[in-house]
Each structure stands twice: as structure tokens, then as C-alpha cells.
Amino acid sequence: MPLGLQIAIDRGGTFTDCLGRVPSTGPGVPPRDIVIKLLSRDPNNYADAPTEGIRRILEQATGRKIPRSQKISTEDIEYIRLSTTVATNALLERDGERHALITTKGFRDIVQIGNQARPAIFDLAIHKPEVLYDQVVEIDERVTLVGYTSDPQAGQHAVQFSSTARDAHVSQAYSGRDRPPSAGAPGAQYVAPDVVRGVSGDAVAILRRPDEAVVRRELESLYAQGYRSLAIVFMFSYTYPEHEQLVKRIAQEIGFPSISVSSDLMPMIKMVPRATSATADAYLTPVLQAYLNGFFSGFDASLRDGSAGTRVEFMMSDGGLTSVEHFTGLKSIISGPAGGVVGMALTTYDKDDGRPCIGFDMGGTSTDVSRYAGQYERVMETTIDGVTIQSPQLDVNTVASGGSSRLFFRNGLFVVGPESASAHPGPTCYRKGGPLAITDANLVTGRLATDMFPQIFGPNENEGLDMDASLRAFEALTAQINAETQRSLTVDEVAHGFLRVANEAMCRPIRSLTQARGFSTSKHVLACFGGAGGQHACAIARALGITTVVVHKYSSILSAYGMALADRVFEAQEPSSETWGAPMALDRLQARARDLEQRAVDELVRQGFPTNRIHVDVYLNMRYDGTDTALMTLKPAAKDDWDMKRVFVETYRQEFGFILKDRPILVDDVRVRATGRTFDTLGPSVLREHAAQCAQHGAQAFPEAPAYANAPRRPVYFDQLGRQPTAIVRLRDVEPMHHVPGPAILIDETQTILIEPRCEARMLTDAVLIQIQY
């Protein structure tokens, strides 16, 4: 009988975190978790880290030896859930697929011109990011909206249709003086264009239809030149996608394996972000598909064709899971961090406590920061390394400061990152000849217990961290700093100086998510996770004035744990051209929302979810007339509550500090998000369990752990205190509902938690809660 293993894997920049759950095998036998942490790149030992992680989990779960050269059978696996940084790295390193942009005639430079944004307005040396495509093909096609841009009374003069269907005929022609452009040749007699109803409800004038023979000839030429990926972006295709779909059909007939169509990816107004998004997808999806093909090649063919019965699901940037056929480069940009946000939200936030949570995910390459106050904060448009992407993503701020961030002394300053030692060769202490990094600074100051650290380093993956190598490198750097500055700093002071610089760099994005938006940082709970998060938790919290820190028992693999808890998601979206409060506008919006909801629910039912496990959220993308900033506004939970104006105004005031009272509010898009729930409850939250224990036992709620008194001590360097005797305590030796006072180091097989002086760690069932004392 198959075991029914449930596996979740987060492939990060430095480490790959794997969580395997072995279900109960009988009454009274609890499920068993298998945790594996390995380097994301170790070419001397394995080709692909997630495949290697699955192999090791199966070996431990079944007791069978599986050679690395053997294809892996998945008959004992119920599902595999994955996140990956492959597309993100390809974008940052500009190592994507060669592709061509297909666009409307006259707009070949639309991506190059961009939107004229100047992120650093006073910078004298402007470096525009290069475009991602290699060639542009212009198609002689054109549509436009009737009367939309030049008639101040467009509403009164608007075209009227016989119904709200796409095939409706014109019942009343445009009555304004500014008639649509001619559909005839330039300079010839005026030819009235065909007018049709667009997806958004706008009247669309078809000025020029693409010539299929010409399109086919152009695409065949691209195919002959070796292009296999296309991005198709036409004017107004968000409301009239027919011309893009025509080109897509011809491209499929020719044999292009990767075709990114802007109206399929994100049918939203604004051609520039649609174009950059489509080119990014055409650039990244082939790379992602090549990686997935390599991943599946390590398993029996039954995994990919589905005959094994094992589901393979992927974490999207918006925090939901999707199947392999719906997973694209555009949806995977922050695939890994999204899992951590889900894990943080589900394990830390408590509605009764009321305090919002800050997610602090410090990994090997970078640190990701997020905020959760009862619902996920998402953005519809982000810019990554100069590329604007129009796709729903969790609002995650990233800073290039992680355990593998390199350390430099430049121009009299301590500098951390953004360069990374990565997983290969890694920091100096990884025994591969790498440079100094933050991990080395933590090691030489005594904050890592080398004898308890995983033995996964060196050429044969069987050695621990190399303390001597890190110390020698810091001695050399300290001598250089003292020589240049005429000071007498010690190795401890230099190493801790780099840690302070790194901590301040990691505090900045937290302040951007809180103080910059009108929230008091000190009134949040800090949820620390990631492989290096526990080493910096107390210092980060104290710098921000936070009093409560939560470190989950799976904090070092919380992104993988979050994927194990995540829900399957399907979204449907259409553009709109409604004005809030106009006659019958709400009826039309509700009807469209119902249609989209049915489409999304049907898809999840097809994927195996019963309707009672499906939850639907409705959003309207709203903005003030005459402004450029739309807010994706969530409909209130009550079924009949459609007071979206109130929600929009409150959100706008919170975001910008003012509202525009007399301005009409436009609805640009209707969006529905259907969620197939994969579990019911995790039980009491960490904060609720802590509050209940304190209420029941008062001052004696958390007596000192016996393991603390008997723990070995070692000197650890702390700012202004020097080396202090610090207890080294194994987490498994601390019983729940006991505390460990600082200074102490709590450690298990995958994480190290530094409890600084004037801090107290309280052990709960599934987490450590740290109280910061001021």
C-alpha cells in the first residue's frame, strides 16, 4: 500500500529546504515529519537539489537505499509542492530565452521608451535597463476606442449596444463630432470602421485587420532564424484580444513552443506594463520549462503523465498553488518568498491578539520582508531589476543581505553585499575557498555552535563549518582595516561591525512596509524565519522597538512548510469601463463577477475540489477619474455587501493620506480569486497559546528550563558587553511552557536562535516566543 508521502520543497539561492510528512500508519501513531536541508548547488554530488531532497526523504521514509543514478519512483508520494528561483535568477542575471516581440505597426519602440519613470530623479548617470527581446516584428493592425480620449462628453455620445454580449450589434451609433479614424488607406476617402463591443464594454473601432498571409510569412522567417519564443502585444488588446489570438494561432501552427500573449497573461489597461510583462514571460517561461523538464527527467515517466497518481504543484508569486500546466515564468518571480509569507501568516497571526505580523525571512542570498494583518497584501504591478511586471504578487520587499552576502571594506566603510557567495563556493567557512560573508561574522563572534551544525560541507558533504578559515580571513581583514584607519579594532569588533551594518540594511524594508505607510513598527509581532533569521531576531526586534518575536519550530524551512499549508488557487479577470454609481453599473459588475466566479469554481472542481472547500473573493480595480493609481479593492465578506466605494476610500486614505471627495470613481477591472482549501485548522496560534498559559498560571507560567542550568557555556561577543558566557541549549531538551534566559543559543538540526542579553525565550508547543526587554 502506498505511503502517501506529502513533500514540499523550497529551492532558495543558497539552500534547498525539504519537508516530508509521513502520514499516520495506524491508531495512536502520529504523523512523522522528515526535514532535509541541502545546498542548492553542489555539482560534484548531485545535478538537481529538489530531486536529491526527494530521494533522501524517500530513503528515510521507506528504509530503502535509492542510488543517485536511478530514476525515482513516486508511487509512495501523494503530492510534491515546489517553489523555485530559476526564473528570478534568469531575470536578474539576464540569462533568459532569445525571443521576438510582435506588436502593432508604429510601436516597435514602446518597451524601449517605457513610461519615462526616473526612480533616482537626481542621478546624473542614468542607466536604462536593456530590453529583454532580440527582435521586433510590426504587424499592420490597429483598433481604437470610439470617442474615449478626445470627447469631453463621451458618456453622453457613447455607442449603445443591443446587449452586454461580445457579439452585440450597435443599436445607437456614436453621436459626437469626433468620429473614429478612417478604416481606409491614408489619404483616401473616409471609410467608416466596424465597431464592436470589447470585453470591457467599450466600443472598439477596427481600423485595420492583420493580413494572415503576411503574419504567417513574418513568423516563418523568425522560426527559420531560430526563434522559438514570442511575445505578442497589440494596442487595446486588453479589451479586444482577437488580433493577438489570431497571431497566436498562426504561431502555434508554425510550431513555436512558447507564446506569451498579453491579453492572456494580464488583460489590463496600459500597454507598456503589458508589453514588459509579456516580454518577461517569453524570456523566462522557456527557462522555467527547461528546468521543469530536467526535474521530471529524474523520475519515472509516470510522474509527468499523471499515471503515478502523484500531484505536482507549484507555488505562485501570489501565495497560491497551481498545476504545472498553469505555471509560467511570470507567476514564479517570487515563488520561494511567497511560501514563507503563507507559513508566517498561518502560524503567527492571531485575530484575537490583533497585532499585525512582520515576516522576516533571512536566507542565504537575500532577506525578504512582508506584512500580514489578517489578509495577504498583494500588488498588481512591480518592478524587478528595471523590468515592470503586471501580475498579482504578494507585497514582499527584498534586500540583498543574507547569510552568504559578502563583506567588504571600501573607502573607509563597512559594506555588506549586494554580491553573494551563493551556495557554491559559499562563505569561507563552507570549505570551498569562498569569500568572507555574514555567516563567517556570526561564526567568529561565537553565535554559531559548530559542533551542532549540520555536517554537509566540504567536497564530500561530510564536514562541518571551518572556524579556522573564517578566523584567518577576518584577522587579515582586521589588519587591513586597522592599517587604513589607524585604529586598533579587534576581530570581534570588526565582525560585529559588519553584523550591525547588515542588521540596519534589513531594518529598512521593514520600515518601508510599516512607518512609510502610517503603521507603528513597534506595535507588530516579528516572525523570524529562514536559515539565518534566528541569529538576527533579537537585534532586529530591538532596533525596531518590537517586544515580541516568534520563531516557529520549522523557521529555517518555513517557506517549504508554508507550501505544505498553502491552498490551490485559480483566478479569472476581465477589464471594465464602468463608473461607480452610474445607472445599472452595479448590476453589470455583479453579473460579470458571477460569470467569473463560476468560471473559477468550475476549474477548481475540475481539479478535484468539492464546492464546500472552495472560497471565492471578488475584487474591483478602482481609481479616481483623472488619476493613474488604481487600487485592487476586496469586496466585503458579507454576500450582499457591495459597498466597494467605502472600502476603496478607506484604503486610499490609508495609502496616500488624502481622498478626492468629488471625483468619480472608475472600475478598470473585475477580478475573482477562487481558493480550494487544503486544511481546516492548525489549532491554537502561537500567540493564543502564550496568552492562555499566562492567564492560567500568571508569573509562574514559564519556569526556567532545567536544561539551561546544565547546558555547556561558551563565550559569545555582544555589543558593548564583549564576550559573555552563553549557554548552548538544544531545543529538544527544553520542555514546552519553560523559558531560557539570555544570553543563550538555542539550536537544533536546521536552525540557530541567538537569545541576546535582556531577552527571554519561552518554549511553546510549536514555536519559541522571545520577549525583548527594554
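User: How many salt bridges are counted between domain 1 and domain 3, and what makes a pair a salt bridge?
Analyst: The count is one salt bridge. The term needs a side-chain nitrogen of Lys or Arg within 4 Å of a carboxyl oxygen of Asp or Glu. Asp42 and Lys432 are at 3.7 Å, N to O, so the pair falls within 4 Å and gets the name. Keep in mind that this is a predicted model: local features need pLDDT of at least 70, side-chain atom pairs count only at pLDDT 80 or more, and totals for chains, interfaces and linings use all residues. Residues are numbered from 1 along each chain as its sequence is written, and side-chain values use heavy atoms, with hydrogens and water left out.

User: Where do domain 1 and domain 3 lie in the chain?
Analyst: Domain 1 is 5-92 + 292-330, and domain 3 is 334-550 + 681-704. Those bounds come from an automatic or database domain assignment.

User: How is the buried area defined, and what is it between domain 1 and domain 3?
Analyst: Buried area is the accessible area (1.4 Å probe) that two parts lose on being put together, summed over both. Here that comes to about 2200 Å², with carbon and sulfur atoms giving 55%.
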